[in-house]
Amino acid sequence: MPTIEELTARFQADRFATEAAGIVIREAEPGRALCAMKLRPCHMNANNVPMGGAVFTLADFAYAVASNGFTDKISVTQHVSITFLSPAKGTELLAEARSLKDGRTTCLYEVDVRDELGTYVAHAAVNGFTVK
């Protein structure tokens, strides 16, 4: 089973998430991942709260780590439904992705995004498709 360091090295190729957004992997195991993003001015919208696209990127990356980090299969996001629940009040967002169903060609994950203060920021349901 890969270590966090090995997963981090593998997912560095996702440059938008890791370089531009600054997302890091905190925890991971098969079917589950916890990723974090320190909020910076570039993540904020005109109302000075995290932009939906930044929150979405974190959720999608957590799904990618949870679904692809411990297998040779490659699953990609096929459909996402995200509900934005509350503006973040803290300085860091945490996304926890969990597998609900992992089939031969499709999977279903849920991702909860909270800030470090516990504010429930967003909930996403991710349908993935296995391409390899």
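How many residues does helix 3 have, and how far does helix 3 reach from its first C-alpha to its last? Helix 3 has 17 residues and spans 24 Å between those atoms, close to the 24 Å expected at 1.5 Å a residue (the expected span being 1.5 Å times one less than the number of residues). Helices here are DSSP runs of H or I with at least four residues, strands are runs of E with at least two, and both are numbered from the N terminus. The model is predicted, with local features needing pLDDT of at least 70, side-chain atom pairs counting only at pLDDT 80 or more, and totals for chains, interfaces and linings using all residues. Residues are numbered from 1 along each chain as its sequence is written, and side-chain values use heavy atoms, with hydrogens and water left out.

Helix 3 is mostly covered, as 13 of its 17 residues are buried (under 20% relative accessible area; exposed is over 50% and partly exposed in between, with a 1.4 Å probe and protein chains only). N68 belongs to helix 3 and counts as buried because its relative accessibility is 7%. A polar atom of the N68 side chain lies 2.7 Å from the backbone nitrogen of S75. Leaving aside residues up to four places away in sequence, N68 touches R10, F11, K73, I74 and S75 (contact means heavy atoms within 4.5 Å).

I74 sits in the loop between helix 3 (52-68) and strand 3 (75-84). I74 counts as partly exposed because its relative accessibility is 35%.

Turning to strand 2 (residues 32-38), R32 lies there and is buried, with a relative accessible area of 18%. Residues touched by R32 include A66 and E96.

Technical notes: A polar contact is a pair of N or O atoms within 3.5 Å; within protein, one must be able to donate a hydrogen and the other to accept it, and residues adjacent in sequence count only if both atoms are side-chain atoms.
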